[in-house]
Amino acid sequence: MKVVALYRYPVKAMAAEPLERAALDWFGLAHDRRYAFVRADDRSDFPWLTIRQVPALTTYLPQVRDGTVQVRTPAGRELDVDGPELAEELAAAYGRPVRVLQSARGLFDAFPVSIISLQTVAAISELAGRELDPLRFRANIVIDAPGATFPEEAWVGREVRIGDARIRVDMRDERCMVINFDPRTAERDPAVLRAVARHRETCAAVYGSCVRPGEVRVGDAVVGGS
């Protein structure tokens with residue numbers, strides 16, 4: 001088993017930033033989900049502006065440059081993540097005010113690390129009747145585990161070593177309608193979540209926590225799970 005792709009999401013709900021290597025610590029991959037936009041009029045425990053409200057968010061491309069985050073909009077504008085122009089553009093798309101939030105600990109839905117296998121993506125593709133991009137599932141670490149089906153789910157409650165880091169796999173990832181949206185076009189396809197709900201108890205991929213910090217790299221072996 002090995003790592004075939006690494007992704008971080010500098011801004012929650014926006015596009016992935018692909019990586020060849022990354023530092024992993026108690027708060028996930030460096031710079032992962034450190035920013036998010038929130039709906040200013042939402043007082044619930046889930047105030048985030050997400051792909052559910054603005055599907056085009058998945059086509060905004062954030063990049064970390066010298067410790068700061070720049071976002072390329074679908075129109076090609078390069079904007080500061082915490083500048084007024086980006087907030088104004090997203091507020092116009094949403095139809096109500098939004099504001100940016102930053103956290104050094106990361107703004108995660110559950111746990112700071114997420115893992116999915118190519119085998120899981122292939123199996124869900126077959127269930128949904130269409131080829132799916134692993135990016136649709138917004139995981140940090142994509143692995144190849146030949147000969148297995150949904151291999152990462154067998155690791156729940158166990159530890160794996162990836163590169164210099166160790167990760168405890170805490171739980172299956174229960175999905176929402178976000179996986180219906182194509183990560184590159186924002187086109188919606190309800191068949192994806194429907195297939196996961198019908199055949200996989202609405203779960204695809206796993207969440208985990210770092211138990212030993214270290215660097216992880218594309219090509220690293222995935223060891224453990226026992």
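Reply: Contact here means heavy atoms within 4.5 Å. This is a predicted model, in which local features need pLDDT of at least 70 and side-chain atom pairs count only at pLDDT 80 or more, while totals for chains, interfaces and linings use all residues. Residues are numbered from 1 along each chain as its sequence is written, and side-chain values use heavy atoms, with hydrogens and water left out.

Met1 belongs to the segment before β1 (helices, H or I, of at least four residues and strands, E, of at least two are DSSP runs, numbered from the N terminus). Leaving aside residues up to four places away in sequence, Met1 touches Asp144, Ala145, Trp155, Asp220, Ala221 and Val222. Its relative accessibility is 41%, which makes Met1 partly exposed (buried is under 20% relative accessible area, exposed over 50%, and partly exposed in between, with a 1.4 Å probe and protein chains only). Between the C-alpha atoms of Met1 and Pro55 there are 33 Å in space, although the two residues are 54 apart in sequence.

The sheet itself is open, with eight strands in the order β2-β1-β11-β10-β14-β13-β12-β16 and mixed pairing (two strands pair if DSSP finds at least two bridges between them). Because β2 (17-19) and β16 (222-224) are the edge strands and have a single partner each, one side of each is left without a neighbour in the sheet. From one strand to the next the twist averages 35° (axes are lines fitted to C-alpha atoms, for helices over the stretch in contact, and angles between N-to-C directions run from 0 to 180 degrees).

Helix α2 (residues 118-128) lies across β1, β10 (113-117), β11 (141-144) and β14 (203-212), and makes an angle of about 65° with β10. Gln119, Thr120, Val121, Ala123, Ile124, Ser125 and Ala128 are buried in α2, and the buried residues of this helix pack against β10, β11, α3 (191-200) and β14. After α2 comes Gly129, with a positive phi near 75°.

A pocket is an open set of points on a 1 Å grid over the protein atoms alone, with protein on both sides within 12 Å along at least five of seven lines, and its lining residues have an atom within 4 Å of a point. The largest pocket has a volume of about 500 Å³ (the space filled by probe spheres set on the points). Among its 26 lining residues, Lys12, Arg33, Asp109, Arg175 and Tyr207 are the closest to the centre. β10 and β13 (165-174) are the elements that give two or more residues to this lining, and β13 provides the largest share, three residues. By class, 14 lining residues are nonpolar, three polar and nine charged (Ala, Val, Leu, Ile, Met, Phe, Trp, Tyr, Cys and Pro count as nonpolar, Asp, Glu, Lys and Arg as charged, and the others, including Gly, as polar).

The second largest pocket holds about 190 Å³ of space.

Definitions and conventions: 1 Å grid on protein atoms, 1.4 Å probe; cavity = no way out; pocket = protein on both sides within 12 Å on 5 of 7 lines; lining within 4 Å.
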